[in-house]
Structures are given as C-alpha cells and as structure tokens.
Amino acid sequence: MAYDSSSYGGGYDDSFEQRPEFKNARDLEQQEPDYDTNFVPDVVKSFVVYLYRYIREKNVYEILQMYEISFQKLSERMFKQSPWPVVEAIAPYVDNDHVFCLLYRELWFRHVYARLTPTLTQRMESWDNYCSLFQIILHGNVNMQLPNQWLWDMIDEFIYQFQSYCQYRAKLKTKTDQELALLRQYAEVWNVVGVLNYLQALIEKSNIIQILEDDKDGSTNFTAQNGYDFQGGGSNVLKVLGYFSIVGLLRVHCLLGDYYSGLKCLVPIDIHQHGVYSNVVGCQITTVYYYVFANLMLRRYVEAIKACNQILLIIHKTKQDHQASSQFQQILKKNEQLYALLAICLSLCPQGKLVEENVNSQLREKQGEKMLRMQRNDEAVFDELFSFACPKFITPSPPNYDELVNYNQDAYRLQLKLFLSEVRQQQLLSSIRSYLKLYSAIPISKLASFMDVDEPTLRMALLTYKHKTHVLDYDGRIISNADVEFYIDKDVVQIVDSKVTKRFGDYFIKHILKFEELVGVLESVQL
C-alpha cells in the first residue's frame, strides 16, 4: 500500500478490540458462531490478494469491478447468512498491511449490517474501525486511488451506522443488564459530536470548498476529472471523501431536524448542475432527497418541487440501467418516497407548471387520489405520506438508562407533530387560492360569505397566506412560493394579474409519439 506509515505512527493500539475490558465485554454476548470465521476459502484468498494488488497499483477500474461485482457475488454465494472471514485471517495474504486491513474491515462490517444483525460489540468495533481509518486519511499520507462509488458508500455507511446505533440505543426495553453497562461505559461510541467532527474535518482537511470555488473559475478541473488525479498520480481519497462529507452533513442535520444548517452545508454543491455527486447514482438520489425534504420542512415548496421533478426525471430515464446494481431496491424506494414528497408539496403549494409531463402522469397514477384528499384538508393522508417519505429521525443524546422505555420514536413524533401543525395552519389557504383565481378583485365581505367565515377570520387567513407563501432564501431575501399574488386595497382584495406562459411542446410531442405508434400498428395490419 502506498502510504507513509511514519506520518501516523504505525498502528492504533488503543482500539476497542485491544482493550482487555472490551474483550471481556465481547464474551458477555455469548454468541458462538456455527462456522469458522478464521477459515479463508481459496476464492476469498484470491479476492483479497488481487484487490490488494490493484489498490497498490492504483488500478481504479479493476478495483471498481472487484468492489461492485466480485464482492457482491461472493457475498451472495458464500456469505449469505454468515460474515466474511475475520481480518486476522486474511492479513497474512496482504502483507499485514494496516490500511488495507482497515478497508477490509469496513467492508466486513458493512456486510454484517446488510445481511445479519450486528451485535452491540460489532457496532462499537465498527465505530473504532472508522475512527482509525479516518485518522489515517486525515493525518497520514494515504497515496492511493479508490473508486468514487466506494468512497461514497463509506460516508453513506458511516452515517447509516450512526443512525442505526442511535435507534438501537434508544430501545431500552429489550436491553440486558450487560448491554446497559456497555452503553454507559462507552458513551463516546457513535457520539453525534464525533460524527459531525469527522465529517467537518474531512471537508476542512481536503480543502474541498476552495477547490469547488476554483472549479467554477476554471482554475481546477476537479469536476471534469470526476475527482480523480489522473495526471499527477496522487490520491483522490481525501478530496472525494471531503466532497461527499458535504452531503453527509446535510443528511445528519436533517436526521437531527436542523434543516437550515443542512442546506447551508450543501451550498458549495449546486444540485442543479452536473458534478461529481451526479456520477454516483446513490449519492445523487440521497443528496436530492434530503435537499427536497429540508426545503419542504422550511416551506420552500417551489425549490423542493423543482429539485424533485429533476431527480424523478433522471430516475425515470435511467433506472433500467441499474437493475443489476445492489442498490436497485433502494433506488426504487427513494423513487416512491420522492413522489410522496412531491404530492405533499403540490398539495400545499400548487405549482403544476413546474412538473414535467412524464413525472406528472406518474404522480397522478401513484398519488392522484391522495392528492385530492389532501386538497380537501384530509390530515390523515398528510400523516400517512409524511410517515412513509420522511427519514428515520434520531435523538442524538443518550437516553436515561434508569428508565427502561423506548425512546426511538420520539424524534419522529416531534417532526410529525411540527409538520401536521403546519398543515393545520394552512387549512383555509387552498380555498382562498381557488376563489382568488376566479376574480380580478373581490370585496372581503363577499369572499368571507363564500367561505362561511367572518371577516376578522378571513383577514387573518389572508395574512397567513402571505406569511406561508413567502420565505427567506440563502441570502436572506424574501421569495414567493405563491401561484396567486394579491394585495388588499381598503376592503377589497385585488388580485395581481400574472400571465402564465403555456407550454405546447410537451403536449404536441406526446401526441406525435402516440400518432407514430398508431401508424406503426396500422402498417403492420395485413389486409
């Protein structure tokens, strides 16, 4: 492996597995596998030897093939219900290389999370492995090229395991006394401050924000080379991990319910432009999903609709290309969640002109009935779609271990309560909007009689409409989400005339394609 071991002092002897008390803690779980994890089959031996060789040679193409194809096939064929051989068993075949062993363990733990149920000890050891790996990347001289897909999966899995640990820790009813003792003793494991610090450190150490700024001016070619260092032959690991950590911070802040901070972290990456993130499909979908959700919760509905429409079009056009991918099911799930979020946004802020024809037809097919119910202020549907489409929120602080109750749903219930409160505040807005579209001017008294409310209530509802349809952008400017603008002149509501440019292109293209299909059918008929 090409790295300077002297820059980080060799190994990390203070890891969890080296501590005597942690070895004893592992025994408490009493999990005796019915397979020998020290046995290395020949095919696994060949896999690690070749993977090690390709990493030393910086052969990104071969590394990607082994990572995406060979590892998945071996996992499916040989380790469907069991973990891979332990790192100590494969270490002799890779010259006991410390960095490669950390990378192997990262894959090992990821496999355990994906196909098995990780124990508390394994969760702790995985945290320790990430700490050791990130410390070397941050403070060592790791001179290797890894595929962007692997580097994204590393950040993605790091945050997923943090989220999983917070959910696991909050379920106290089923915990044994030994597990509670371990949780108390190792409070620093998967600590939210530690997670945020590592992501921030990767961003700062990589200098990625300045690199992206220079990229816009043409001073660097980071995006053009997809983050790789082809000419200099240097390492892409720190720079690309720093890049993906920007997305990671957005995700963590959304899980914590801090949407403004999450969007602020994403500012260096323009999701409406092609970038390194858009070349890794999982990263692109994750980025836009959390971007859409954060904008929804901040009432920036127009921005959420635009981003949602953009990514749903991409998924619609490319999902067939990813059927063989291990992430295909995740792509399909995110696709359904994004349609649910789009339905919520359009119900709260009708902006149909921002949605393409293909996306709109899919939306009507999937969520048409529920959108009608939401327009009638059916709160149960808002509850259902939000619960389906929202991320798994977490409570980052340790629970009270003296009260053996489950806290894992508290964060979700709080966010759902805030969202439904917002929906209730906007109950009259859809009715107001529908009436205002019919008039160029209407007296307040007449509008109040149409809506069966008194004038003070209507005036309050009109002010609420103004408040809910105007939000602050990143620069502190007030922007409007409203499709109908109005002002009150004395006791008359004056509607601002806004001409909508009709788009005939989509309509004609759709019917031309139908016509060509019909002609093809007719030509095939034998008279």
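**Exercise 1.** In this predicted model, determine how the end-to-end span of helix 16 (residues 357-375) compares with that of a straight helix, and where helix 16 bends.

*Solution.* Helix 16 comprises 19 residues, and a straight helix at 1.5 Å a residue would reach 27 Å. The end C-alpha atoms of helix 16 are only 21 Å apart, which falls short of that value. A bend of about 75° is located at Gln-367. Gln-367 also belongs to the buried residues of the helix, together with Val-359, Leu-363, Gly-368, Met-371 and Met-374. Their cover includes helix 14 (301-318), helix 15 and helix 17 (379-389). After helix 16 comes Asn-377, with a positive phi near 65°.

**Exercise 2.** Classify the relative orientation of helix 10 and helix 11, and identify the residues that meet.

*Solution.* Two packed helices are described by the angle between their axes and the distance between the axes. The axes of helix 10 (residues 208-217) and helix 11 (residues 237-256) come within 9 Å and cross at roughly 90°. Angles of 65 to 115 degrees count as roughly perpendicular; the two helices are therefore roughly perpendicular to each other. Ile-208, Ile-211 and Leu-212 of helix 10 meet Lys-239, Gly-242, Tyr-243 and Ile-246 of helix 11.

**Exercise 3.** Is Gln-337 buried or exposed, and which backbone oxygen does its side chain reach?

*Solution.* Gln-337 lies in helix 15 (residues 328-348). Its relative accessible area is 3%, and buried means under 20%, so Gln-337 is buried. The side chain of Gln-337 reaches the backbone oxygen of Phe-388 at 3.1 Å. Beyond residues up to four places away in sequence, Gln-337 touches Tyr-289, Phe-388, Ala-389 and Cys-390.

How values were computed:
Residues are numbered from 1 along each chain as its sequence is written. This is a predicted model: local features need pLDDT of at least 70, side-chain atom pairs count only at pLDDT 80 or more; totals for chains, interfaces and linings use all residues. Side-chain values use heavy atoms; hydrogens and water are left out. Helices (H or I, at least four residues) and strands (E, at least two) are DSSP runs, numbered from the N terminus. Buried means under 20% relative accessible area, exposed over 50%, partly exposed in between (1.4 Å probe, protein chains only). A polar contact is a pair of N or O atoms within 3.5 Å; within protein, one must be able to donate a hydrogen and the other to accept it, and residues adjacent in sequence count only if both atoms are side-chain atoms. Contact means heavy atoms within 4.5 Å. The expected span of a helix is 1.5 Å times one less than its number of residues. The bend at a residue is the angle between axes fitted to the seven residues ending there and the seven starting there. Axes are lines fitted to C-alpha atoms, for helices over the stretch in contact, and angles run from 0 to 180 degrees between N-to-C directions. Angles under 35 degrees count as roughly parallel, over 145 as roughly antiparallel, 65 to 115 as roughly perpendicular and the rest as oblique.
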